[in-house]
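This report describes salt bridges, a helix packing and a chain interface. The sequence and structure are shown first.

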Amino acid sequence: MKQTKTSIFVFMAPAMILFLLVFAYPVVRTTLMSLFNVQSVNSAVSTWSFAGLGNYTKLFSTRLFLISLGNIGKIWLFCGIATLGLGLILAIILTQGLRGQKFFRAAIYLPNVIAAVAVGYMWLLYVFNNRFGLMKSLFSGLGITSMANYQWLSAEHMFLSMCIAYVFSNTGYFMLMYIAGIEKISLDYYEAATIEGANVFQKFTHITLPLISGVLGTSLVLWTTKTMGFFALSQVFSNVSTITPMVYTYQTLFGSEISADSVNAGIAASSAVVMTIVVMVVSMISKHTVKDEGYEL
Amino acid sequence: MTTKEKYREPFKLRKELTRLPGYLVVTIWVTFTFFMIGWIILASFSTTKEIFTGKLLASGINLDNFVKAFTKNKALLNLGNSVIYTVPSCILIILVCAPAAYCLSRVRFRMNQIFEKLIIIGLAIPNIMIVMPLFSVVNVLNISGSRGTLIFLYTACSVPYTTFFLMTFFRGISTTYEEAAAIDGCGPIRCFWEIMFPLVQPAVVTVTIFNFIGKWNEYFMALIFANRSELRPIGVGLYQTVTSMMNSGDWAGMFASVVIVFVPTVIIYIFLSDKIVSGVTAGGVKG
C-alpha cells in the first residue's frame, strides 16, 4: 500500500525521537565522557578536560574494577555453563512428552517473573541461612552434617552462593528458549533415525544439537547481555567478593560506603564503554559464527 | 524426541519408566522452588521467634508483619509508586512502538534499513551506557523529583525491545487488509489503528505482559532516578527496608516485605503463564 511521507513521519517520529533522546545521545555523550576528566555526572561540558585514554588506563589499574571484571568473567563462564547446560537438560526432559509437562515448564520459569532483589533476599535470608535455612534443613535431613554446617554466607563462600541463586533464577528462561528450538525440529528426522537404529544419544548429537545451534548462539548473546547487567543480586549479596562492573560503575558514579570520595564520572563512563564493547563484540562474533536457523531473534 | 501434545497417549508403564530420571529431575527442581516460596510465605505470617525455633505459624496466622509493612515501612507507598511507574509506561510504549513496528515492517522507505539496524543495536546497549547523560539531563531540567521522569525513561528504554517484538507479528499479516481499506478510502493512520492494530492484539498483549513484569521488577534505573523515600518503587523500597531491618533483626518483617514484592507478579503469572510461556518461546528477546 502506498504511504505518504507524512504518514510515515507520524508513524515513526515518536519512537525515533525517544530513541535519539534515550539511546543515541546518551551513547555518544558517555563515549565522549570516557575520554575526558569529568568530576561528576552533573559537571557541565565546559569543565571537562581532555584525558585521552587516561581514564581507561586508570580503570584497568584499579584493583576493584579488575576484581569486578574477574567476577563477571567467572559468572559469565561458570554460571553460563550451569545455566545454559541445565536449561538444555531440562528442555530435553520437557520435550519428551512427560505427563504434566506444561505445568513443569511453567513452574521452572516462575522465578524469572520475580524481581531479582526479591529472589536475592529469598536465598540470602532463607535458603542460605545458617540457623533455619533450607540448605541446612535439607542436608541435615539427608544426614550430611558437613554440608549442613556449610557457611554459605561467609565471606569466602558468598560468591558461590550468589552464583547458585543466579543460576536458579535464570535457568527457566533459557530452558523455554531451547524448548522452542527443539519443538521446531520436524519429527521426521527422529523417525528416520530410529529406523536406522540410532540411539537417544546419537539422536541428540546428530539431530537436535546441530538443528538448535542457532538458538544456542542466540542464547549466548542473551546470556552475555544479561550478565553484563548483573547488578541487583550483587547489591543484595553485598561483599567485595561479589562486586560486578555494574556495581563498580554505580559506586564510582554515586559514591558508596566503601569509597565515598572516589566519585569520578569519566572513569565510570569508560567502564560503561568497556561493558558495552564486550556485549557488542560477543553479539557480533556469535552472529557471524552461528548461522541463525530455526529460531527467529 | 519431541511430542506435540495433540492427543493424550495411553499410559504405558515401560515407556513411563524410561522417563523416570526425567520426572525425578524436574520434580526435585519444582519441589525446591515451591518449598522455598511456600516457606517464605508461611514465615511472613509468623513471628521472628517462630522462625528461629522452626515452628512456623505456631501461634496461628499472624498479620502483624504486613500491618507493620504497610503502616510503618511505606510498602503501600512503594506499591503505589510501582503502579504509577509501570501502568502508564506500558500503555505509552504500545502507543509509540506499534505504529513504528508497523511502519518498519510493512512500508518501504529510504531510512527503513537504518532505523531497523538502530533498533537492533538498541537491544544490546546496556543500561549503564545511557544512565549518566540521562542523569545529568534530568538534573539540568530539574525534574529529578518527578515521577514522570521514570515513566518517560521506562517508555523510551522499551522502544527497541517492543518495536522489535511487534515487527515480527506485523510481517506475518497479509497485505490484502490494507489494500482493501485503501480502496474503501481509509487513510493510513486510521487504517492502522482500526484494522492492523486489532490484528496484532495477541502480540500486543504478550509484549505488554513482558513489559509490565520487566518494569515492575526493574531495579537499576529506579535506584538512580527514584531514590527518594517518597518516590521509591517496590524493589528499591525492599532493599532499603531489609537493610534497616537487618539491624533490628526483624526476620518475620523482612520475609513479609519480600512477599509483598513478589506476590503481584506471581499472581499475574499464575493467571497468564500460558501466554507468558508461549511468548518466550515465540521469540521473546529479553526476559
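Over all chains, the predicted model holds 6 salt bridges, a salt bridge being a side-chain nitrogen of Lys or Arg within 4 Å of a carboxyl oxygen of Asp or Glu. In this predicted model, local features need pLDDT of at least 70 and side-chain atom pairs count only at pLDDT 80 or more, whereas totals for chains, interfaces and linings use all residues. Residues are numbered from 1 along each chain as its sequence is written, chains are lettered from A and ligands numbered from 1 in the order in which they are written, and side-chain values use heavy atoms, with hydrogens and water left out.

| Asp250(B) | Lys68(B) | 2.3 Å |

Asp250(B) forms its salt bridge with Lys68(B). This pair links distant parts of the chain, 182 residues apart: Asp250(B) is in the loop between α14 (234–248) and α15 (251–281) of chain B, and Lys68(B) is in helix α4 (residues 64–71) of chain B. Helices are DSSP runs (H or I, at least four residues), numbered from the N terminus. Asp250(B) is buried at 13% relative accessibility, while Lys68(B) is partly exposed at 29%; buried means under 20% relative accessible area, exposed over 50%, and partly exposed in between (1.4 Å probe, protein chains only).

Because Glu116(B) lies in helix α6 (residues 112–124) of chain B and Arg171(B) in helix α9 (residues 159–171) of chain B, the pair ties together parts 55 residues apart in sequence. By contrast, Glu194(B) and Arg190(B) both lie in helix α11 (residues 188–199) of chain B, 4 residues apart, about one turn of the helix.

In chain A, the axes of helix α11 (residues 213–228) and helix α14 (residues 265–289) come within 9 Å and cross at roughly 175°. Axes are lines fitted to C-alpha atoms, for helices over the stretch in contact, and angles run from 0 to 180 degrees between N-to-C directions.

Between chain A and chain B, the contact (heavy atoms within 4.5 Å) takes 96 residues from chain A and 103 residues from chain B.

Terms used: Helix = DSSP H or I, 4+ residues; strand = E, 2+ residues; numbered from the N terminus.
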